[in-house]
Amino acid sequence: MISVLVVEDEEITAEANRIYVERVPGFEVAGVVRSGGDALRFLRKRPVDLILLDLYLPDMHGLEVCRAVRAAGLMCDVIAVTSARDLAMVRSAVSLGISQYLLKPFTYATLAEKLTRYARFNEEAGLAVGQGDVDRVLGTLRGTSELPKGMARATLDTVAARLRESPGGMPAQAVADAIGVSRVTARRYLEYLVELGVAIRIPQYGGVGRPELLYRIPMES
């Protein structure tokens, strides 16, 4: 079993994250703490394999927690829970051990995908003997090997985050304007999310001619 420490200061969110993690086969929650200081005290007594770490905590930033964990010589991995505006910061913090990140708000399916990928990475890492094996294993962890040619994981996550912020749905042009890409590029990512079953298309009628397509991520029941 892969042990996970959930670090989240909001009580309802922390409980939801605990339930989500325990629903994924092969994972168990070692503990749930509400602050960075509590996380460090917990880890000194009971090291874990993985930390599900909210970056905004009441006593310190999540990156400070990561630095303290590394300074203590703990080798646990980290999945950062963050918002879209944190993407550049998270990418720059890879050296601190942040292997993946989750954009708020996220569903069980999104977290399960990250954890399943992490478990597969752990299984395959011990079998890597050459450069090709190393590249394949890292691709498993970061998901780069699963995307079509020319698509970037960071852009896909940003598009999905924008949709989650608009429960009523967004047209491709609005997504393009929001993230600074062309309409063609935005639509390609949106259609890929539909293909994955993450998003749905909704025809919006009312104008002359063909209805405009809205893209939306359904709320998890």
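Let me start with a term: buried means under 20% relative accessible area, exposed means over 50%, and partly exposed is in between, with a 1.4 Å probe and protein chains only. C66 is buried, at a relative accessible area of 2%.

Now the background. This is a predicted model, where local features need pLDDT of at least 70, side-chain atom pairs count only at pLDDT 80 or more, and totals for chains, interfaces and linings use all residues. Residues are numbered from 1 along each chain as its sequence is written, and side-chain values use heavy atoms, leaving out hydrogens and water.

Is C66 in a disulfide or in none? A disulfide here is a pair of cysteine sulfur atoms within 2.5 Å. C66 is in none; its nearest cysteine sulfur, in C76, is 8.5 Å away. That is too far for a bond. The whole structure has zero disulfides.

Next, the core. A nonpolar core is a set of buried Ala, Val, Leu, Ile, Met, Phe, Trp, Tyr and Cys residues joined through side-chain atoms within 4.5 Å. The largest has 26 residues. L5, V7, V48, I51, L53 and V69 touch the most other members. Apart from it lies another core, of 20 residues, including F106 and Y118.

Contact means heavy atoms within 4.5 Å. Beyond neighbours within four places in sequence, V69 contacts L40, L43, I51, L74 and C76.

Last, D54. UniProt, in an unreviewed entry, places "modified residue: 4-aspartylphosphate" there; such annotations may be inferred rather than shown by experiment. D54 is buried, at 4% relative accessibility. Leaving out residues up to four places away in sequence, D54 touches V7, E8, D9, G62, V81 and K104.
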